[in-house]
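Keep the structure in view as you read.

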Amino acid sequence: MREIHEKAYAKLNLSLDVVGKRSDGYHDMRMVMQTVSLCDELRLVLRHDGKINVTSDVHFLPCDERNIAYKTAKAFFKRIDRTDLGVGISIKKHIPVCAGMGGGSSDGAAVLRSLNTLLGKPLTAAELEELGMTLGSDIPFCICGGTSLAEGRGEILTGLTPLSDCHIVICKPRFSVSTPDLFKRLDSCDLRYHPDTPGLISALDSQDLSGVSRRMFNVFEDVLPPNMNKISEIKSLLLDKGALGAVMTGTGSAVFGIFDNKSRAYGAKTELQKHYRDVYIAVPKKKIGI
């Protein structure tokens, strides 16, 4: 096999908690993560000249060594001691960038999965996750996806009962949020609330979609700058249109709502499209086989 097509699925945070700051400068996290059907499309062609070439249909994305797909390909070849190999990677973007949906991380994870398949699976899923952690905190989850509790920096993964069937409406306002700035704001204050992570996991176990939706919470929403009130407006609109719950994902700026009714979900999408360009409907995805 010399060529492969792979989908890079977006991730959403059903909950996000920051439980402490580490001595290495990173933060200890506790997050319930969910893969959804919205995805980028990648095409990889194996090369035998040691060169890595990345192209994208989004003009402002770097396609050199700053691109996570480039970095993961280079790291993979080094890990298996095959720096004589190269790859051509073309990326068709559908996941909005700077949205808190792991678009770059999912692309990197897709590159690792694809190269592993092209070369006869020299690495296990655990080894791919270990390699991914050296490149980005969300990559280990994005390797296999599904529904998981992610702890530490995101590398300690515990599989959870899959999210019940539903429709998820996602909306990204036209601004982005600075992740380093949000962490600085969080470090300078005492958080008032934290997610009920055990309750959310219990609701997943009992397939209680309403219980999951009610417990969705992201601590970063409490430290958003005042000029980002569009996030609250999107949440309110989703809830007004019948969402069981709505929350910001990651460090933003995308917001999503969970619906148990398809027609209400599409009604919310139509209403949001009157005000926002980047609006999507997705469904939960189960774990990806490696």
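This is a predicted model: local features need pLDDT of at least 70, side-chain atom pairs count only at pLDDT 80 or more; totals for chains, interfaces and linings use all residues.

Residues are numbered from 1 along each chain as its sequence is written, and side-chain values use heavy atoms, with hydrogens and water left out.

**The cavity**

- A search of the whole structure finds 1 cavity of 30 Å³ or more.
- On a 1 Å grid over the protein atoms alone, a cavity is a set of points where a 1.4 Å probe fits but cannot get out; lining residues have an atom within 4 Å of a point.
- Grid points are joined across faces, edges and corners, and a volume is the space filled by probe spheres set on the points.
- The largest cavity has a volume of about 50 Å³.
- Its lining includes Tyr 9, Lys 11, Arg 113 and Phe 141.
- S1 supplies the largest share of this lining, 3 residues. Helices (H or I, at least four residues) and strands (E, at least two) are DSSP runs, numbered from the N terminus.
- By class, the cavity lining has 5 nonpolar, 3 polar and 2 charged residues. Ala, Val, Leu, Ile, Met, Phe, Trp, Tyr, Cys and Pro count as nonpolar, Asp, Glu, Lys and Arg as charged, and the others, Gly among them, as polar.

**The pockets**

- A pocket is an open set of points with protein on both sides within 12 Å along at least five of seven lines.
- The largest pocket holds about 1,200 Å³ of space.
- It is lined by 41 residues, and Gly 102, Ser 105, Asp 138, Thr 179 and Thr 251 are the closest to its centre.
- H2 gives the most to this lining, with 4 residues.
- The second largest pocket has a volume of about 240 Å³.
- Its lining has 6 nonpolar, 2 polar and 5 charged residues.

**The sheet**

- Four strands form an open sheet in the order S9-S10-S7-S11, with antiparallel pairing. Two strands pair if DSSP finds at least two bridges between them.
- Strands S9 (245–248) and S11 (278–282) stand at the edges with a single partner strand each, so one side of each is left without a neighbour in the sheet.
- S9 and S10 (residues 255–259) pair over 4 bridges.
- Met 248 has Val 255 in S10 as its bridge partner.
- Helix H8 (residues 230–240) packs on the sheet and touches S7, S9 and S10. Contact means heavy atoms within 4.5 Å.

Terms used: Axes are lines fitted to C-alpha atoms, for helices over the stretch in contact, and angles run from 0 to 180 degrees between N-to-C directions.
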